[in-house]
Amino acid sequence: QVQLVESGGGLVQPGGSLRLSCAASGSIFTMYIMSWYRQAPGKQRELVASVTSGGSTNYADSLKGRFTISRDNAKNTVYLQMNRLKPEDTAVYYCKARRVYILEEYWGQGTQVTVSS
C-alpha cells in the first residue's frame with residue numbers, strides 16, 4: 001500500500017518556475033517507478049515524465065528540456081522541476097507510483113498549476 005501526497009502547485013507567470021514534490025509512504029519506495037501526469041481543462045490526462053529507482057528517466061517529447069523529474073530514495077520523494085512555464089502548462093498535476101513487474105499502481109490527489117499573467 002502506498003499513499004502519495006503532492007505539493008508545490010500554485011499560480012506563476014509565464015516564464016517562471018515551479019518545483020512539485022510527491023511524498024510517498026506506506027511501502028518500500030524503491031520498488032516503484034514514479035511518474036508525473038497532468039490533465040488540462042477539456043483535455044485527456046497525459047504522461048509528463050517517469051523515473052525508475054535507479055534514476056533512468058523518460059519524458060514527453062514536447063516537455064523535454066523544460067521539465068526535469070528526479071527522486072530522492074532516502075526521503076521517499078519524487079520531484080518535478082518545471083522551468084520556462086507557458087500558459088498551456090496549466091493543468092492539474094498528478095503523481096503516480098507503479099510497482100515494478102506487478103500490476104499495482106497508486107495515484108495522488110493532484111495539485112493545481114496555473115500559468116497566467
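## A buried pair

Arg 38 and Asp 89 are both buried, where buried means under 20% relative accessible area, exposed over 50% and partly exposed in between, with a 1.4 Å probe and protein chains only. Their side chains meet in a salt bridge, 3.0 Å from N to O; the term stands for a side-chain nitrogen of Lys or Arg within 4 Å of a carboxyl oxygen of Asp or Glu. The two residues bring distant parts of the chain together: Arg 38 sits in strand β4 (residues 32-39), while Asp 89 lies in the loop between β8 (77-82) and β9 (91-99), 51 residues apart. Strands here are DSSP runs (E, at least two residues), and helices are runs of H or I of at least four, numbered from the N terminus.

## About the model

This is a predicted model, in which local features need pLDDT of at least 70 and side-chain atom pairs count only at pLDDT 80 or more, whereas totals for chains, interfaces and linings use all residues. Residues are numbered from 1 along each chain as its sequence is written, and side-chain values use heavy atoms, with hydrogens and water left out.

Together with Glu 46, the residues Arg 38, Arg 66 and Asp 89 are linked in a network of salt bridges.

## Lys 96 and Glu 105

In total, there are five salt bridges. One of them joins the side chains of Lys 96 and Glu 105, at 3.8 Å from N to O. Lys 96 is buried, at 8% relative accessible area, whereas Glu 105 is partly exposed, at 43%.
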